[in-house]
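Hi there,

Here is the structure I promised to pass on to you. Have a look at it first, and then read my notes below.

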Amino acid sequence: MVLKNKLAMGIAATMLVLPLAACGSNNETTNNQPANNAETKTNEGANNAANTGGETADAGTKLTGDFEIQYFVGGYGDAWWKKVIADFQAANPELNIKALGGPKINEQNKPRWIAGTPPDFVYIDGPELNDRQLVEDGQLEDLTEWIQTATNVDGDKIIDILAQAPQQYDSKIYNIPLVLNSWGIFWDKALFAEKGWTEPTDYQSFLDVSEKIKAAGITPFIHTGKYPYYINGAFLFPAIVSANNNDYTVLQDMAANKVEAYESPAVMTALNKIVELRDKGFIDKGSVQINHTDSQMLFLQHKDAFIANGLWLPNEMSKDVPQGFQFGFIPSVGQDNGGKIVANTSTATVAIAKNAKNKDAAKAFLQFIFSKAQASQWAELSGAPSNIKGDISASNAPSHVKDAAKYLTDANTVVIPTITYNADVDKAMQDASAALAAGTIEPADWVKRVTDAVKKAAK
Amino acid sequence: MARATGHPPNLHERKVNVMNSGSAKLQRTVFIASFIVPTLLFFSVFTIYPTIKALYFSFFDWSGMSQTKDFIGFDNYIEMFKDPIIWRAIGNDYFLVLGKIIGIMALATFFAVALTRFNFKLAGFFRSIFFIPNVISVVVIGVLWNFIYNPQIGFLNSFLSLFTKDQVTITWLGFADHTIWMLLPPAIWAGIGFYMLLLIAAIQNIPESYYEAASLEGSGQWRQFWTITLPLIWEQMKVSILNIMMTTLNGSFVIVWIMTEGGPDNSTQVMGTYLYQMAFRQYHFGFASAIGVLILVLSLLTTVVLQRLMRQETVELG
Amino acid sequence: MNQGIKNPIAKIIFLAILLLWSVSVIYPLIWTLLDSLKDNQQFFFNKPWALPNFPLLWENYSYVWEKYHFDKYFVNSLLVTGGATLLGLLLAAMTAYVLARFKFKGSGAIYGLYISSMMVPFILALIPLFFLLNSLHLTNTKIGLILVYTSSVLAFGIFVLVGFFKGLPKELEEAANIDGAGYYGTFFRVMLPLSQPGLIAVGIINVLNIWNEYIVGTVLVSDPEQYTLPIEIGVMQAEMQYRTEWGPLFAALMFTIVPVLILYIIFQRQIASGITAGAVK
């Protein structure tokens, strides 16, 4: 029910959805009944393969029984989930699929995970669900071996077509990235053209244009201070990598709770950049108290020229984008002149519960969704790049998604793989960054606070 | 009932007593049991048992998501007292307790006196109005006050901007320190009605003759308040103060969570929000349970202390 | 005779304070109503106190009602609130009566148990409560919610009703006893009707609390079919993090405010007496 209006925006989405009248945009009840038979199967020819192809334990046998899918509904909406579940249902009419989706589903289903009766398949995104924690808690099925040979419904090896490899925990794989997105800085190209401002390409040009913007009476930069992971993801982490000679292993060491990593000069350099923005008065003072939608509205209304955000932004705010507004995007602004652009990726992953009742169906579903057809559908319906390599440029995905894909595949871009921090350390970094940007602490305090949290977490 | 009073009671009563004193006792016991046990059973299953179970978790290292828990004795408690955020939360909690007690009691007492002793024609109307915030969900109140405090589209800044040349853009919920002060107005605003009604009822219970006598002696409203009203409603004020304290310590969670989630930088963290943050956002359910125990212990301690303090107070006034 | 305030200046000042407070209470409600008729652009570009533009966006209401299934949740809320209130009243009244009128071993302890339970932070019990309901197969059911809510209002009901029963004259029961009504007859035919004002008062306050409760509901109910209104408001709020629909949000707030407001207007006398029954002897 959440996403209907967003469909309207995906111009192209309509084209693909049209042949699928039966499970189109306003289909809210697809979940339990098999989506209407015959015509539905015109789609992609992928469906037949689901029953025959792949590495499923009982390849060729029909999937039966109950199959529960948990998916969080956030900035990407749920149009794709409804669609793909309907498709999968059509391909497996004897399977009783139960979709558990919503913006609060992580909280709502938590007791089931504790009780050992989780849903079979989970899409890990949103608050209160952390992949590292799920792994540590032994909640996810070990996919290390399976993924080495698993093929998708088209017969491609899944591991080969992933743009970003799965994160490893003690060299084991538990979850597979489905979405490949990027943090970064946005502006309105139209506004910049009108005012004659230069679009930033590196740190210096970012500072220069911010100066002009400020002189013109507009606040240069806003971030979502109530949730400081925005400024961390879009500004701080890429800046750390830039300052570390484009070597992102420093972030991986940070995630591995190595204190030295946090004390490295690269971290200090990056923190000092936030301080510089702060002291020059470029950061909107309102940032500290506002949430995503409020900060995004302020940005769209030109109260602020730049916003630290992620590529889901245009889709998320589609209804409120003023006429003539043109999103400009760069993954990072912390790099020196001539330095490489650093794209901090933001992925959302999927996994199978260790205590899943229907692992066969869950694996078959994995093979179903990691196909080219579903990948381009994801790009169209959710407005974000999927984690399947390649062919986005040919698809009907919105232009900013193609831009992002361009950045992420460019040889000159440093792509930071997804890194999940310990939840306590992450919270400490968020609190400290909010305080740093607001001016209540200095970089040394930031390091002190965070390393304290690291030491405690590492115990 | 009129019929009953016509009976010759003594005779009847004696007869009943003589005839079945033994089985009467049994009957009484059965009756008491049948009225106490179902409720108690119900309460035990759905409130006491889960609470004790949660307290039990406070001795475990448990993420709240895993199926395994490690017994670690008092480690959660030791860690808790080393955590600077918990001290900040306790400080904020008691700030709210104190601020709410002062704010609510001052205003509620003033309103109660004004609406009973001042002969305002609209007293009934005011009384009805003032209680309204109490019937509205705290969630709704939190959302409304967020819009009041919003730096750009909020009511407060727009209002202040009427008097200034430049647009006012104060971040009401984003001060480096003392942001907790901003949560006091909604809490007081939402709490007054209940205590006002309580005090009104207490004042109405005071015999009018007391005031008449005082008036004859020439004492005015102000004097009457100190010599008659206040001493005679002190009992209800005590109940109110205790109640404010208790509901604040274990109930301020909702409004704080909806408005600031304890931020920025933990500056508005209270024990309840920190419990929630730890249990559901940072995956330390055992630690969160320990915070729950802390809330319980502090509530009990504060009750005892407040009761001591206020008992002495009564003596002085008397 | 009460002379009120004699000094006219003081009178005006006091009246002004009262009026100011009234405005601070009523205005947010009017504001909610006005804002529920606006679109995002008006939120952004007009003053917060500006009247909504014409045409008024009443469709915000139908949008919320249909798209967010408020019709269904409204009925769920009614059933859950009604069920838990009635069951809670009955159980609380029975215990309160015995505690107020009969001396027996442990009565003080039982009373103390209920009263001290009011100090326990309820969120603490949430996860164990979920397991309990889960093992009873009561999660995602209205019955489960009713049982939990019933339990949560017992302490308050007992607290108030014990005071209320104590305030009733003893002679009435004695008379009933003499009539041979027995303990049960006395309670159900004499005491319950007599304590009606107290019961109504407690009932209304429970209705308000249960109607507005959302944390427990959010965790215990994940099936949208079984949502109550506050759960849906919580979900909507969460969705608002990803989409901005301020007008509909305010319309949704109206849907939750108006029923309790009507209830309050009808029963305000009883609410007042309920609050005072427990505390004023």
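In chain A, domain 1 and domain 2 together bury about 1600 Å², with carbon and sulfur atoms making up 66% of it. Buried area here is the accessible area (1.4 Å probe) that two parts lose on being put together, summed over both.

This is a predicted model, where local features need pLDDT of at least 70 and side-chain atom pairs pLDDT 80 or more, while totals for chains, interfaces and linings use all residues. Residues are numbered from 1 along each chain as its sequence is written, chains are lettered from A and ligands numbered from 1 in the order written, and side-chain values use heavy atoms, leaving out hydrogens and water.

Domain 1 of chain A covers 40–181 + 346–416 and domain 2 covers 183–343, with bounds from an automatic or database domain assignment. Contact between them (heavy atoms within 4.5 Å) takes 17 residues from domain 1 of chain A and 20 from domain 2 of chain A. Their C-alpha centres lie 30 Å apart.

Now for the second largest pocket. A pocket is an open set of points on a 1 Å grid over the protein atoms alone, where a 1.4 Å probe fits, with protein on both sides within 12 Å along at least five of seven lines; lining residues have an atom within 4 Å of a point. This one is lined by 44 residues, and those nearest its centre are A:Asp424, A:Lys456, A:Ala457, B:Glu79 and B:His284.

Enjoy exploring!
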